[in-house]
Amino acid sequence: MTPVDAVFALLFVADVPVTAAELSASSGFDRPPVEEALRDLQARLDKDGPIHLIQLAGGYQLATKPEYAQMISRLLLPQRQRLSRSLMEVLAIVAYRQPVTLSEIEAVRGVDCGYGIRALLERRLVKEAGRRATPGRPIEYGTTEEFLHQFKMNALNELPALTELPLALAPSEADQLEQSATVLESRYNQDTA
Amino acid sequence: MPPRAIQAPSRTDGAAIPALGVLPAAPIHVSSEAFEGSLASLFALVRDHRIDLMGVPLFPICEAYFEYLITATESDLDEAAVALSALSYLLERKAWLLLPAPEVDPEPFEEPAELPEPSVIEFRAAIDVLGQWHDERADLYFRSRDAGPNLFELPYELADVSGADLARALDRVLQRAKPTAMPVLARARRSLAEQMELVFGSLKTEFQSLTEIIQADLTRSECVYWFLAILELVRLGRSRMKSADGDVLFARSIHPQAKLWSEEAISA
């Protein structure tokens, strides 16, 4: 039995993300060969077949490839639960500012967020992360592993950076504007000539 | 030509007041530089703000009309009242126009309130990206938590035991039971899971009949409860049974297929 086969078998039966340490403990192989086996398996599955290995919520999990999604959804008839804009705002504030209290979330949004927090707690995307040592000892909220899983992230450091996004978009927009200006200028020069 | 008012002949001619009790405006002709027409027309135009009353000198008109009222020998009192009302209205309107208008202070220009800092706008781009990732994640499917084998669908071994054998075994243990009065609306003292734990503890690896397994004095309902628990254990593969000399014998399963509730709780 090779480490790749062992890891594959363990990942096949696991219904939650499994860490390399857990795979190592279950399979009896040391950590380095398990990690190498994960890389090999990932490359092998990416190459062909309907399954691929992804890193989610701090672990590894087998999942079907996106191109099979339509077919599978016709079989399983999943109920897609899209989050409303207000819930997304609350979730984003919790994700970026965690641990954060309800009043701090409301200070950012300017509206009552009690419902949003309750809805996110029910969906297990947000959890209570203790109490702040201030008067009233308000509850602090943080995101869960389910949040990472639902948003295809391995860890919180993969969250899109707030300050980098506009800068990342700016050069392409600037290029487009510059190209448009060049075209207009050339046309204007032709007309006046 | 100075403005003047001329009283035309009365049109009511002393007739009775109309049913509505409203008299038409007196046919007084006004002639001035700004307006020429009847007093009724002037009244209507002023009321509808279609003429600038400042351009119509009212004093000569009123003076001429009062002179007419004093000198006229035959005047209709109602028509005169209507005409005086119209003139007083016009005078009031003009008086208001002549009053100095109070200076209206301009509305102070309010600077637009600054957005609170921090603002949700800061998160807008990130929310869009997260929404996109959420949609992409929805296209991935994972092994379900419920994908394992269902305990209640596992095959179980009946051996050579028939339903009738089971019924006779139950009947034998019921005959030994002491019927006691059950309290009304009594509840089961323990859940089926707890009962299965108890029954499982009483089973041995060697085959025993029900009467041997159930040593304690039980009521009929307790006997049924024991019997149902042992059937569930057989169904979950934790117990096996066989037929021997017209009785059914039960024993612990050597290779248990499923965990009991307590074992699941311990492993969790």
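**Figure 1. Burial and surface of chain B.** In this predicted model, buried residues account for 33% of the 268 residues in chain B. The accessible surface of chain B is about 17,600 Å², and carbon and sulfur atoms contribute 57% of that area. The secondary structure of chain B consists of nine helices and six strands. Of the contacts in chain B between residues at least 6 apart in sequence, 68% are between residues at least 24 apart.

**Figure 2. The open sheet E4-E6-E5 of chain B.** Three strands of chain B make up this open sheet, in the order E4-E6-E5, with antiparallel pairing. Strand E4 (208-209) and strand E5 (239-244) of chain B are at the edges and have a single partner strand each, so one side of each has no neighbour in the sheet. Two bridges in the antiparallel sense connect E4(B) with strand E6 (residues 247-252) of chain B. B:Ser209 has B:Leu249 in E6(B) as its bridge partner.

**Figure 3. A helix across two strands of chain B.** Helix H5 of chain B, residues 163-176, lies across E5 and E6 of chain B. The direction of H5(B) is at about 90° to E6(B). Both of these strands belong to the open sheet E4-E6-E5.

**Figure 4. The crossing of helices H2 and H3 in chain A.** Helix H2 of chain A covers residues 20-27, and helix H3 of chain A covers residues 31-47. Their axes come within 9 Å and cross at roughly 115°. With that angle, H2(A) is roughly perpendicular to H3(A). The crossing of H2(A) and H3(A) is right-handed. On the H2(A) side, the residues that meet H3(A) are A:Ala20, A:Ala21, A:Leu23, A:Ser24 and A:Ser27. On the H3(A) side, A:Arg31, A:Val34, A:Glu35 and A:Leu38 meet H2(A).

**Figure 5. Strand E5 of chain A and its partners.** Strand E5 of chain A spans residues 139-143, and four of its five residues are buried, so the strand is largely enclosed by the rest of the structure. Strand E3 (residues 100-101) of chain A runs antiparallel to E5(A) and is joined to it by two bridges. In this pairing, A:Val100 has A:Tyr141 in E5(A) as its bridge partner. Strand E4 (residues 126-131) of chain A is also antiparallel to E5(A), with four bridges between the two. Here the bridge partner of A:Val126 in E5(A) is A:Thr143.

Technical notes: Residues numbered from 1 in each chain as written. Chains lettered and ligands numbered in written order. Predicted model: local features only at pLDDT ≥ 70, side-chain atom pairs only at ≥ 80, totals over all residues. Heavy atoms only, no water. Buried < 20%, exposed > 50% of the residue type's maximum accessible area, 1.4 Å probe, protein only. Contact = heavy atoms within 4.5 Å. Areas by Shrake-Rupley, 256 points an atom, 1.4 Å probe, with all protein chains shown as cover. Pairing = 2+ DSSP bridges. Axes fitted to C-alpha atoms, helices over the stretch in contact; angles between N-to-C directions. Parallel < 35°, antiparallel > 145°, perpendicular 65-115°, else oblique. Left-handed = near helix turned anticlockwise from the far one by under 90°.
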